[in-house]
Amino acid sequence: MFSAFLIKYAEIGVKGKNRYLFEDALVRRIRLALKKSQGEFEVRKNQGRIYVEALGEFDYDETVERLKHVFGISGICPVAYTQDEGFEKLCETVVRYVADVYPDRNLTFKVDTRRARKNYPKESMEINADLGEAILNAFPEMRVDVHDPQVVIHVEIREQIYLYSVVIPGPGGMPVGTGGKAMLLLSGGIDSPVAGYMIAKRGVQLDAVYFHAPPYTSERAKQKVIDLARIVSEYAGPIYLHVINFTRIQQYIFEKCPHEELTVIMRRYMMRIAEKIALETQCLGLITGESIGQVASQTMQSLAATDQVCGLPVYRPLIGFDKQEIVETAGKIGTFETSILPYEDCCTIFVAKHPVTKPNLKVIRRHEQNLDPEIEEMIQTALETDERIVVGGDA
Amino acid sequence: MEVYLDNSATTRVLPEVAELMTRIMCEDYGNPSSLHIKGMQAEQYLRGARKTLSTLLKAEEKEIYFTSGGTESDNMALIGCALANRRQGNHLVTTQIEHPAVLKTMRYLEKEGFRVTYLPVDGSGRISLDDLQSAITPQTILVSVMHTNNEVGSLQPVQEAGALIRRVNPRTLFHVDAVQGFGKSRIYPGKMGIDLLSASGHKIHGPKGVGLLYIGNRVKIQPILHGGGQQSDLRSGTDNVPGAAGMAKAAELLYAHLDQDVERLASCKRRFLDGLRQLEGVRINGLLPDSPDGEGTAPHIVSASFYGVRSEVLLHALEEEGIYVSAGSACSARKPQPSATLRAMGVEQWMLESTVRFSFSVYTTMEEIDYTLRTMYDKIPMLRKYTRR
């Protein structure tokens, strides 16, 4: 029955003169998302609205699912088209539409007409009243409520007549690409993919970096991170994943620094390396999945210690989230099942039994001086190992 | 150099086997249940396979059933016999070191109302016949003991167990999981008092997805899969002709020089054990107390624990040099599941997360053994340097 979708977008609507930039980005994102879908679609901007029109056979459920992955969409309205064959015929069509879409029919409703084609013989208010009457005559159990109806049946009169009433919630946010680019530190755990998702939702394009530590972490652990990046890329678009061999640095820190401070120092070096790659690739910030107090390295003091090494802003969208909330989001976006696969990641392998929870920045800095002789060269070597993998680019 | 020392996980298919299977899949692909000549040709392969395997086991052709592999054979033997003999008793006996295909099936049967005794093992991974004898009661309908332990390579006294069971309760059925033992030693169920025997194709250089269950004539068993009535209605499902033929071919080729192969494997093992002892902080698991050269254990499996080195890390460090082994225990930081076998053997705590299994095959060379040892001499001191303090 449906052959098009009206796309609702929330925040873009309030933008000022650059509103068209956001709309154009959304149109591009929708086109990209539907490329993977079965069927041909036309996506067009028309009088402050975006329409997705199927040009032939298409898979309705798949298409809706793809659209639900496009940031910037607040609602997806499936639209039924009908030819203008006179008002009598329109009444029949609307009645049939109500019968098909609302089999229960025990609803309050109103009809809301928009007459874009001004030469249509009836005025909007008249059409509302007459169509409402037709529906009431057909289904006496339905009731009109013009103030707070359960269902609003929209009728748009253009060359053809459009009918829609169902609003499927979209993911919200802003179209990816409207907010610049940032570098996500992706570990393979539950949190970092969710952090990437949340920042991408604000229109930010993602690059990612993963620290690989063979033989302490396996090829499977790396594959898991690639898989996670792929799931995030279904929302965020193609992701450039940088895989950095971190083993030597980790071992060196282990040799030269107190074991209790290892995780904090290690994270400081991860941030330094991530920032270097970020600057080279025009990223405007770093993204981590940290949340206050979750583990020893995420206390306020530890966060301050890792934050201090970066010039770029570090975005921590999960900072106030409980673990359970993060798990729920991970489940919703589909990363949870992959995140919990039991492969060792580089953060767990060298963890001390009792890591510091309140690192003192001065002490950490002093201990980092132990690394002075070789660390810069090791960072350079690590950067040279960068294996750049495009994830989700086959879209 | 690529050195594959994970032959207890799976093996390389012999070229003759692959050739035969390709021919069956591409040319003689009929369904033995079809009435036409194409079906009959396929049936010939199946009969040939059954004949070969029954000869190797000194069994009758009608005692050989093809399954999808070791797991299905174990499930069929245990569940099929337990359900069919329920009226005779509800007691089952097995060991603490069985493969999960047996252990978890036993747990399932416990939920279905059966009582299961799990026999302990000694430090070398062997059950005691006294324990077995006292476990068997008039209600015991089935005993299941593995032939060769997959993790440490200990051999169970199956022949003695078979005789003992017949003596204590002649009605008790005896199942042997010989997935690791078949093709490494001569097993004749009829002579050894074994009523049911599981084996798998891919552990003996045959294909994956096929196994066999020997079911002795006297056994009362019911099917666990229901359908088209193939294999005397005991194991429905379209016959896996290429699988069965491939497995039989592999077994035939292996048995042709089994004794030489076993001696060669054992000498690989001796050399490897000697080499391992050059390293400090190494424990070899599953050897008999007075046989440091591996006498009386599986010729193709070595289980060793390396103090201060985590299994997974050693595995990946060897992988970097092209050597493929198995972590003796599936243990990881997030989901610690120390090996049931090692725990049953009562090893020290550290060994649970520092054990690696090396398993050889007819393809393994002395050169590969030496290369592996040299690599370990090289890597292990480095890995120990970065151990969790």
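In what sense, parallel or antiparallel, do strand 2 and strand 8 of chain B pair? Keep this predicted model in view as we look: strand 2 of chain B and strand 8 (residues 211–215) of chain B pair in the antiparallel sense, over four bridges.

Now widen the view to the whole sheet. These strands belong to an open sheet of seven strands in chain B, with the order 2-8-7-6-5-3-4 and mixed pairing. At its edges stand strand 2 (64–67) and strand 4 (115–119) of chain B, each of which pairs on one side only. From one strand to the next, the twist averages 20 degrees.

Follow the chain from strand 5 through helix 6 (residues 158–168) to strand 6 of chain B, and you trace a right-handed β-α-β unit.

Other helices lie across this sheet. Helix 3 (residues 70–84) of chain B lies across strands including strand 2, strand 7 (196–200) and strand 8 of chain B, and runs at about 30 degrees to strand 8 of chain B. Helix 4 (residues 100–111) of chain B lies across strand 3, strand 4, strand 5 and strand 6 of chain B, with an angle of about 155 degrees to strand 3 of chain B.

Let us move to chain A. Chain A is divided into domain 1 (4–169) and domain 2 (181–391), and 44 Å separate the centres of the two domains, taken over C-alpha atoms. An open sheet of six strands in chain A has the order 14-13-10-11-12-15, again with mixed pairing. Strand 14 (314–315) and strand 15 (387–391) of chain A each have a single partner strand, so one side of each is left without a neighbour in the sheet. Further in, strand 10 (residues 181–185) and strand 13 (residues 286–287) of chain A pair in the parallel sense over two bridges, and Leu184(A) has Ile287(A) as its bridge partner. Helix 5 (residues 191–201) of chain A lies across strands including strand 10 and strand 11 (205–212), running at about 170 degrees to strand 10 of chain A.

What about the interior? In soluble globular proteins, nonpolar side chains tend to be buried together. The largest nonpolar core in this model has 127 residues, and Ala182(A), Met183(A), Ala274(A) and Leu286(A) touch the most other members. Helix 8 (residues 262–280) of chain A gives the most to this core, with 11 residues. Leaving aside neighbours within four places in sequence, Leu286(A) is in contact with residues including Ala182(A), Met183(A), Ala274(A), Cys310(A) and Val314(A). Apart from this core lies another, of 71 residues, among them Leu92(B), Leu173(B), Ile215(B) and Ala244(B).

How values were computed. Residues are numbered from 1 along each chain as its sequence is written. Chains are lettered from A and ligands numbered from 1 in the order in which they are written. This is a predicted model: local features need pLDDT of at least 70, side-chain atom pairs count only at pLDDT 80 or more; totals for chains, interfaces and linings use all residues. A nonpolar core is a set of buried Ala, Val, Leu, Ile, Met, Phe, Trp, Tyr and Cys residues joined through C-beta atoms within 7 Å. A residue is buried if 20 or more other C-beta atoms lie within 10 Å of its own, exposed if 12 or fewer, and partly exposed in between; C-beta atoms are placed from the backbone. Two residues are in contact if their C-beta atoms, placed from the backbone, lie within 7 Å. Two strands pair if DSSP finds at least two bridges between them. Axes are lines fitted to C-alpha atoms, for helices over the stretch in contact, and angles run from 0 to 180 degrees between N-to-C directions. Domain bounds come from an automatic or database domain assignment. A crossover is right-handed if, with the strands pointing away from the viewer, the path from the first strand over the helix to the second runs clockwise.
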